[in-house]
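Let's take a friendly walk through this model together.

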Amino acid sequence: MSVKAAKHARELLLKEYRGVLSTHSKAMPGFPFGSVVPYCLDAEGRPLILISRIAQHTHNLQKDAKCSLLVGERGAEDVQAAGRLTLLAEARHIEGEAEVEAAATRYYRYFPQAVDYHRTHDFGFWRLEPVRARFIGGFGAIHWVDQLVLANAFAGEAEIGMLEHMNSDHANAIAHYVALAGLPTEPTAEMVGIDTEGFHLRIGQTLHWLPFPTSCNNPGAVRQALVQLARAESWPTGGEPEA
């Protein structure tokens, strides 16, 4: 497994925000059961999902935690030439007040419309703990990836503080990032996540992950990267976004 392949696989997981969750069917033993789920990544870089307690895939996971999440490049004209990732994982139901609160705080930044699902439709949070991943970056670029996830060094108060600062005080900079990346200018973009490799913008109900010019290991480096992008006339070489 190459380090480059793992990085590209992780970037695909960050760029996308929905995939096909396949579980072992309880009603039809031996058959896989696929369903579409939105996700974001938790503080450890693992997919976090919110699913109904009465849904078929939830019953399946309660019987057998082994599952997979298939993620593909959105909008690809040739799906066989596009990037895709099959993440083999074990699903864990998140319990305990503190853990549920942390999951909710993170998930609702990405999917604010999901608040009502959780409160009125008996949904619960699950995390997908990666076991191994199969990444295809295009024709001939096929890799097994054993070390996919990367913990978010800023998750928690540091990330929330940076997000609040950017959204409250630097709306013009965020609008500039949108323009640089060629993203829709309406509705107004909001920054909803920051990790060492880039940041997430939410435009309406659509999420976009944009890479930093270089990896950032501390809040000071994040600030420098965001200032650099705010002054850039085009996306810096080496960190081109894919809208």
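The buried residues of helix α6 are covered by, among others, α5, β9 (190-194), β10 (198-203), β11 (206-211) and α7 (219-231). Cover here is judged by contact, meaning heavy atoms within 4.5 Å. Helices (H or I, at least four residues) and strands (E, at least two) are DSSP runs, numbered from the N terminus.

Before going on, a word about the source: this is a predicted model, in which local features need pLDDT of at least 70 and side-chain atom pairs count only at pLDDT 80 or more, while totals for chains, interfaces and linings use all residues. Residues are numbered from 1 along each chain as its sequence is written, and side-chain values use heavy atoms, with hydrogens and water left out.

Which residues of α6 are buried? In this helix (residues 171-181) they are A173, I174, Y177, V178, L180 and A181; buried means under 20% relative accessible area, exposed over 50%, and partly exposed in between (1.4 Å probe, protein chains only). They lie on the same side of α6 because they cover an arc of only 165 degrees around the axis, the arc being that of the directions from the helix axis to the C-beta atoms. An α-helix has 3.6 residues a turn, so residues three or four places apart point the same way. On the face turned away from the buried side of α6 you will find the exposed residues N172 and A179.

Now step past the end of the helix. Just after α6, G182 has a positive phi of about 70 degrees. Further along, P187 sits in the loop between α6 and β9, and a cis peptide bond with omega of about -10 degrees joins E186 and P187. Most residues other than glycine have a negative phi, and most peptide bonds are trans.

Helix α5 (residues 157-169) has another partner to look at: its axis and that of α3 (residues 97-110) come within 12 Å and cross at roughly 30 degrees. Axes are lines fitted to C-alpha atoms, for helices over the stretch in contact, and angles run from 0 to 180 degrees between N-to-C directions. Angles under 35 degrees count as roughly parallel, over 145 as roughly antiparallel, 65 to 115 as roughly perpendicular and the rest as oblique, so α3 and α5 are roughly parallel to each other. Where do they meet? T105, R106 and R109 in α3 touch E159, I160 and L163 in α5.
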